[in-house]
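Please open the structure in your viewer and keep the selection panel at hand. The tour goes from one selection to the next.

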Amino acid sequence: MRMKRQETNIYSIAKEAGVSIATVSRVINQSASVSEKSRQKVLAAVEKLNYVPNIAARNLSTSTSTSIGVVIPDVGNQFFMQLLQGITAAADQMGYNIILFGTDGNVEREHKVLDSMRELRLRGVIIVPVSYSDWETIQKLKDYESFGIPVVLLDREMIANDFDRVVSSDEEGSFQAVTELIRQGHRKIALISGPEYVYPVYKRLNGYYRAMRAAGIVVRDEYIRRADFTVDSAWKEAMTLCQLPDPPTAIFAFNNSTTYGCLKAFGDLGWRIGKNIALFGFDDIEELKWLKCNISVVSRDVPLMGKIAMEQLAKRVDAGYGDEGCFVTSVETKLILRGSERFPKK
């Protein structure tokens with residue numbers, strides 16, 4: 001989902017003055033931590049371009065609130081709740097309060113949420129963005145940063161790569177999972193991915209294709225299925241895969257809801273993991289362990305990702321630095337093998 005980029009006033013001022021957006025923000029907000037030379041450049045650009053600061057947005061940065069806005073796509077998904085667990089644990093230690101917003105994975109709702117958050121005098125924003133390339137969301141986030149409200153992207157990147165962000169090694173995790181399936185003897189490996197505008201989907205697809213190429217296996221188009229990270233859509237795609245004239249011997253599910261959808265399809269068809277099909281998931285599911293359903297997964301420390309994001313946001317809020325570049329952390333993934341990856345023995 002791509003939207004045409006529109007330059008914001010703050011971008012124009014920074015470009016004209018030849019300084020960073022953070023420097024422009026400091027000048028507009030009358031910060032003392034700007035050299036006189038840089039200040040004069042910004043003021044000259046402001047005059048030349050006839051720039052009038054958005055007073056409502058500017059007032060956000062003068063708040064003494066301790067509230068942090070956290071924006072996630074799905075408040076019912078265990079993965080995002082684990083992210084929130086890490087965020088809130090770190091926030092509690094540092095004296096910040098968390099206000100949670102859900103977007104239902106919808107960019108229009110995300111825009112409305114970001115607009116409504118302006119009234120709350122937040123100190124910072126942590127967001128799992130819906131789309132990699134939605135320029136309207138990017139502009140709204142840049143508006144926050146322009147007036148001293150730092151933003152940290154969590155789990156997902158965006159096409160504007162100058163945001164602080166905490167992600168994971170999605171491509172490498174996917175590569176390792178598919179490589180393990182191949183090592184187990186699989187050649188007919190299918191996948192059920194997610195929306196094409198979600199950045200981790202792109203990275204996990206890269207890992208899949210890289211592993212298949214490395215093994216000299218031709219990827220079959222009918223084995224590449226795209227769902228929307230919901231149980232129902234994954235169930236539909238898994239049913240399609242299992243009912244092909246030549247079905248795959250293994251399915252790689254791209255998130256926890258997709259894993260659930262696959263399990264539902266197997267149950268409806270009377271298929272058993274280990275006898276009819278193999279399954280590899282991305283992200284662990286605690287409840288499956290209680291049910292003695294041992295699914296091999298690409299695992300990562302999800303609460304740690306949330307913790308790092310909150311700690312980095314607090315650094316931005318407390319120290320106010322911003323000219324030295326963005327902060328990027330990639331949390332490593334690892335494979336947890338529980339037997340569901342093995343070649344089925346019919």
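**A first stop at Asn255**

Select Asn255, which, apart from neighbours within four places in sequence, is in contact (heavy atoms within 4.5 Å) with Asn77, Arg204, Phe229 and Phe282. This is a predicted model, in which local features need pLDDT of at least 70 and side-chain atom pairs count only at pLDDT 80 or more, while totals for chains, interfaces and linings use all residues. Residues are numbered from 1 along each chain as its sequence is written, and side-chain values use heavy atoms, with hydrogens and water left out.

Asn255 sits in the loop between β8 (250–253) and α11 (256–269), where helices (H or I, at least four residues) and strands (E, at least two) are DSSP runs numbered from the N terminus. With a relative accessible area of 8%, Asn255 is buried, a word that here means under 20%, with exposed over 50% and partly exposed in between (1.4 Å probe, protein chains only).

**On to Lys307**

Next, select Lys307 in helix α13 (residues 302–319), which is partly exposed at a relative accessible area of 34%. Leaving out residues up to four places away in sequence, Lys307 touches Gly86, Ile87 and Ala90; Ile87 is 220 residues away in sequence, yet the C-alpha atoms of Lys307 and Ile87 are 4.8 Å apart.

**The sheet**

Finally, colour the open sheet of six strands, ordered β7-β6-β8-β9-β10-β12 with mixed pairing; two strands pair if DSSP finds at least two bridges between them. At the edges stand β7 (224–226) and β12 (333–336), each with a single partner strand, so one side of each has no neighbour in the sheet.
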